[in-house]
Amino acid sequence: MSHVRLVNVTKKFGDVTAVNNLNLEIGKGECFSMLGPSGCGKTTTLRMVAGFEDLSEGEVYVGDRLISSPAKNYYLPPEKRDFGMVFQAFAVWPHLSVYENVAFPLRIRKLPATEIDKRTKDALASTNLLSAAKDSPENLSGGGKQRVALARALAINPDVMLLDEPLSSLDPHLREEMRFEIKDLQRQYGFSILYVTHDQAEAMALSDRILVMKLGVVQQIDTPLNVYNKPANKFVFSFIGLSNFLELVWGVNGAPTLKSEDGTPSSVPADILPSDAVCGAQGASFSIASRPYEIDFVAPDSGGLKGVVSRKSFLGEIIDYQIKVGGQELRVQKGRRAPGPEVGETCALRLLRPFFYQ
Ligand SMILES: Nc1ncnc2c1ncn2[C@@H]1O[C@H](COP(=O)(O)OP(=O)(O)OP(=O)(O)O)[C@@H](O)[C@H]1O
Ligand SMILES: [Mg+2]
């Protein structure tokens, strides 16, 4: 049974439709991420689930229980939803000790003093903060402050954790570490997670399923593997990992033809097409997508896609090439030890796993 369920949820701010007819179900104990570019409606969705934002249309349920419905004029206030929350700009209160920061939501709920103490200490222990209990959070590093925010959310024993870019202010190394810590805490406490990020690697690493959103509209809801391997459309492909698109047209007898700068079409090898490509009318456009690390350099006489190296950058472990193919650019990435062409040289390319988008 689903734990959190959104049914036909829409949110409008004046003329802006921030979230458009969203349907999603989060399973019990599932880590569900919402991924999408800035302004696509992630925070708005989270705030509607939390109860900080009303809905324009639709319903939100926790289990069988309705918690928001404008049509039924029903709205359960946030403090009665008992969700743990960590916001985009994490707020810890500098005038309170680490201990008091974590105890605060429990005091608001007027729990007995012994219960407050126990839960606060448990949450501090889970987040490795016991030794800092008396300190001001101001003295902690970014990761430490982040832990305080997490501990505060954990202390209420939430069934559901709503995390809005909780790691966005940390450096990459700490971010990675905290990802694992969040997963460990989930295992320990068993809560469901609705996680918001625009970092695709973070979403991939943490999630059981990912929702990719664009301008308030769902593009795909799937496992990380499927979102990566079977992106539903061009937008999802371009949002997950590095991407290349070659814009082509169907030529005579269904030959794939490159749209070139000066308008003269040039044919490209037919093996550039994946097996699921559907031939369209002559002159119709389509795209071939590929990841930069899924392109090989092949021998010039082996019939690959011809191009000229316009830039070659050393990025440590990998070399990043920009290749001009007709009037278009492709990015290719190869391990630094692999032999590759130099700037100005002609090369031939093979796309290892091309995707076809009409
Ligand atoms: N209170 C508000 N009043 C008016 N418009 C709003 C309000 N809150 C959000 N919006 C608009 O709704 C849309 C979605 O915003 P939202 O904050 O949900 O995006 P987001 O996906 O969280 O973006 P980011 O990655 O930058 O945090 C944006 O166009 C935003 O300008
Ligand atoms: Mg946001």
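A cavity is a set of points, on a 1 Å grid over the protein atoms alone, where a 1.4 Å probe fits but cannot get out. Points are joined across faces, edges and corners, and a volume is the space filled by probe spheres set on the points. The search of the whole structure finds one cavity of 30 Å³ or more.

This is a predicted model, in which local features need pLDDT of at least 70 and side-chain atom pairs pLDDT 80 or more, while totals for chains, interfaces and linings use all residues. Residues are numbered from 1 along each chain as its sequence is written, and side-chain values use heavy atoms, without hydrogens and water.

The largest cavity holds about 60 Å³ of space. Lining residues have an atom within 4 Å of a point. Among them are Pro269, Asp271, Gly303 and Arg350. The lining divides as follows.

| Class | Residues in lining |
|---|---|
| Nonpolar (Ala, Val, Leu, Ile, Met, Phe, Trp, Tyr, Cys, Pro) | five |
| Charged (Asp, Glu, Lys, Arg) | two |
| Polar (the others, Gly among them) | two |

Strand β20 (residues 346-351) gives the largest share of this lining, three residues. Strands are DSSP runs of E, at least two residues, numbered from the N terminus.

β20 also belongs to an open sheet of five strands, ordered β16-β20-β17-β18-β19, with antiparallel pairing. β16 (295-298) and β19 (328-335) are the edges; each has a single partner strand, so one side of each lacks a neighbour in the sheet. The twist averages 45° from one strand to the next, as angles between N-to-C directions of lines fitted to C-alpha atoms, on a scale from 0 to 180 degrees.

Two strands pair if DSSP finds at least two bridges between them. β18 (residues 318-325) and β19 share eight, in the antiparallel sense. There, isoleucine 323 has leucine 330 in β19 as its bridge partner.

Key
Chains lettered and ligands numbered in written order. 1 Å grid on protein atoms, 1.4 Å probe; cavity = no way out; pocket = protein on both sides within 12 Å on 5 of 7 lines; lining within 4 Å. Helix = DSSP H or I, 4+ residues; strand = E, 2+ residues; numbered from the N terminus.
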